[in-house]
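Work through the exercises below with the sequence and the 3D structure in view. Try each task before reading its solution.

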Amino acid sequence: IGKCNLSVQAPQAQQLKPEDLAGKRIATSFPNLTKQYFAGKEESTPTQIRCISGSVEAACGLGLADGIVDLVETGTTMRAAGLEEVAVIMKSQAVL
């Protein structure tokens, strides 16, 4: 039942790779996992991780972030916000 991915997402028009977002502003509700993920991709500038709750996918459109890390189940909300999945950090599934 309940499968989802914890994914790095960015605006569709920019066609970014995860390395392109290292050192940029990332909004997320998962700051520790996000910090660990980007730590291995940073060259000189540390990634600015902003912990927010609620509609994380709105952060890019509001100018609060260059990319986000959030859970994706079907991708409908992500696409509606003009975002695309850049990378999967981890997969998750609830099992009974």
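**Exercise 1: Elements and overall form**

Task: State how many helices and strands the protein chain has, and in what order they run.

Solution. Step 1: The protein chain holds three helices and five strands. Here helices (H or I, at least four residues) and strands (E, at least two) are DSSP runs, numbered from the N terminus. Step 2: Read from the N terminus on, the order is β-α-β-α-β-β-α-β. Step 3: Note the basis: this is a predicted model, in which local features need pLDDT of at least 70, side-chain atom pairs count only at pLDDT 80 or more, and totals for chains, interfaces and linings use all residues. Residues are numbered from 1 along each chain as its sequence is written, and side-chain values use heavy atoms, with hydrogens and water left out.

Task: Compare the radius of gyration of the protein chain with that of a compact globule.

Solution. Step 1: The radius is taken over C-alpha atoms, and the globule rule is 2.2 Å times the number of residues to the power 0.38. Step 2: For 96 residues a compact globule would have a radius near 12 Å, and the 13 Å of the protein chain agrees with this. Step 3: The C-alpha trace spans about 45 × 25 × 25 Å along its principal axes. Step 4: Of the contacts with a separation of 6 or more, 69% are between residues 24 or more positions apart; contact means heavy atoms within 4.5 Å.

**Exercise 2: The nonpolar cores**

Solution. Step 1: A nonpolar core is a set of buried Ala, Val, Leu, Ile, Met, Phe, Trp, Tyr and Cys residues joined through side-chain atoms within 4.5 Å. Buried means under 20% relative accessible area, exposed over 50%, and partly exposed in between (1.4 Å probe, protein chains only). Step 2: The largest core has 11 residues, among them Leu6, Val8, Ala10, Tyr37, Phe38, Val86 and Ala87. Step 4: S1 has the largest share, three residues. Step 5: A second, separate core has nine residues, including Ala27, Cys60, Ala65 and Met78.

Task: List the contacts of Phe38, leaving aside its neighbours within four places in sequence.

Solution. Phe38 touches Val8, Pro18, Leu21, Ala22, Ile26, Thr47 and Val69.

**Exercise 3: Residues in loops**

Task: Is Gln15 buried or exposed?

Solution. Step 1: Gln15 sits in the loop between S1 and helix H1 (18-21). Step 2: Its relative accessibility is 65%, so Gln15 counts as exposed. Step 3: Gln15 also has a positive phi of about 45°, although it is not a glycine.

Solution. Step 1: Thr45 belongs to the loop between H2 and strand S3 (48-51). Step 3: From C-alpha to C-alpha, Thr45 and Gly2 are 36 Å apart in space and 43 residues apart in sequence.

Task: Which loop holds Ser53, and how far is its C-alpha atom from that of Gly67?

Solution. Step 1: Ser53 is in the loop between S3 and strand S4 (67-72). Step 2: With 67% relative accessibility, Ser53 counts as exposed. Step 3: The C-alpha atoms of Ser53 and Gly67 are separated by 15 Å, the residues being 14 apart along the chain.
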